[in-house]
Amino acid sequence: MTLIKINAVIFDMDGVIIDTEPAWQRVEVAVLSQLGVPITLADAEKTTGMRIDLLVHYWYQKYPWPEYDNQAVSQQIIDGVIHFIETEGKPMQGVVAALQACQQQGLKIGLATSSSSDLIAAVMNKLAIRDYFEAIASAEKLQYGKPHPEVYVNCATALGVEPATCLAIEDSFNGLIAARAASMQTVAIPATEFAGQSRWQVAHHQLAHLGQLKSLIENI
């Protein structure tokens with residue numbers, strides 16, 4: 001496979017920059033269970049990477065509940081995750097080293113996430129990494145979130161580079177499909193318990209953690 005030289009690295013946020021995916025799943029289960037949705041943690045894993053309003057709508061379509069208010073339910077989940085970030089949030093392994101490696105290679109750095117601006121701000125403040133990013137794109141107000149590619153295309157545009165010259169880093173299959181649909185080169189860093197699944201073969205590269213990114217970008 002011949003790959004184009006990369007000019008930028010675009011990171012997903014939840015599960016790549018900060019270890020929030022378990023929190024998302026726990027809060028999702030807690031909030032939706034109160035509404036009578038028979039959801040388990042295994043069920044919640046299926047919606048990893050999905051924008052919050054689309055996630056709530058997905059479960060409402062499967063298990064409708066009375067007095068449906070997508071915005072209220074979405075905000076309740078977001079508030080729960082923000083609380084987790086502020087009190088327990090920790091960076092994923094190798095985050096700062098990966099960001100520094102990108103800078104050392106002269107690569108532009110972007111963030112493309114389905115999360116809201118409030119969540120992005122909470123993560124940037126908690127980890128003190130905002131200054132590394134030249135562009136931050138959120139799918140919060142787009143018509144479609146991941147797996148639609150628009151948030152990745154928007155981030156590349158903000159960075160002033162072609163999507164094909166970007167390396168996108170994802171932990172979710174929905175995000176990986178979004179990056180591939182944007183014509184980007186891709187790195188999958190799935191959770192350890194899912195790392196052996198064949199679906200990650202869709203990615204150009206697969207790593208165990210961000211600490212391995214330096215070696216990868218030095219050799220692409």
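Author: What follows looks at the boundary between the domains. The model is predicted, so local features need pLDDT of at least 70 and side-chain atom pairs count only at pLDDT 80 or more, while totals for chains, interfaces and linings use all residues. Residues are numbered from 1 along each chain as its sequence is written, and side-chain values use heavy atoms, with hydrogens and water left out.

An automatic or database domain assignment divides the chain into domain 1 (8–19 + 90–218) and domain 2 (21–88), and the centres of the two, taken over C-alpha atoms, are 22 Å apart. Across the boundary, 25 residues of domain 1 are in contact with 18 residues of domain 2, where contact means heavy atoms within 4.5 Å. The area buried between domain 1 and domain 2 is about 1,600 Å², with carbon and sulfur atoms giving 56%; buried area is the accessible area (1.4 Å probe) that two parts lose on being put together, summed over both.

Between domain 1 and domain 2 there is 1 salt bridge, a term for a side-chain nitrogen of Lys or Arg within 4 Å of a carboxyl oxygen of Asp or Glu. The side chains of Arg199 and Glu45 form a salt bridge, at 3.3 Å from N to O. On the side of domain 1 that touches domain 2, helix 6 (residues 117–127) gives the most, with 5 residues, helices being DSSP runs (H or I, at least four residues) numbered from the N terminus.

Definitions and conventions:
Helix = DSSP H or I, 4+ residues; strand = E, 2+ residues; numbered from the N terminus.
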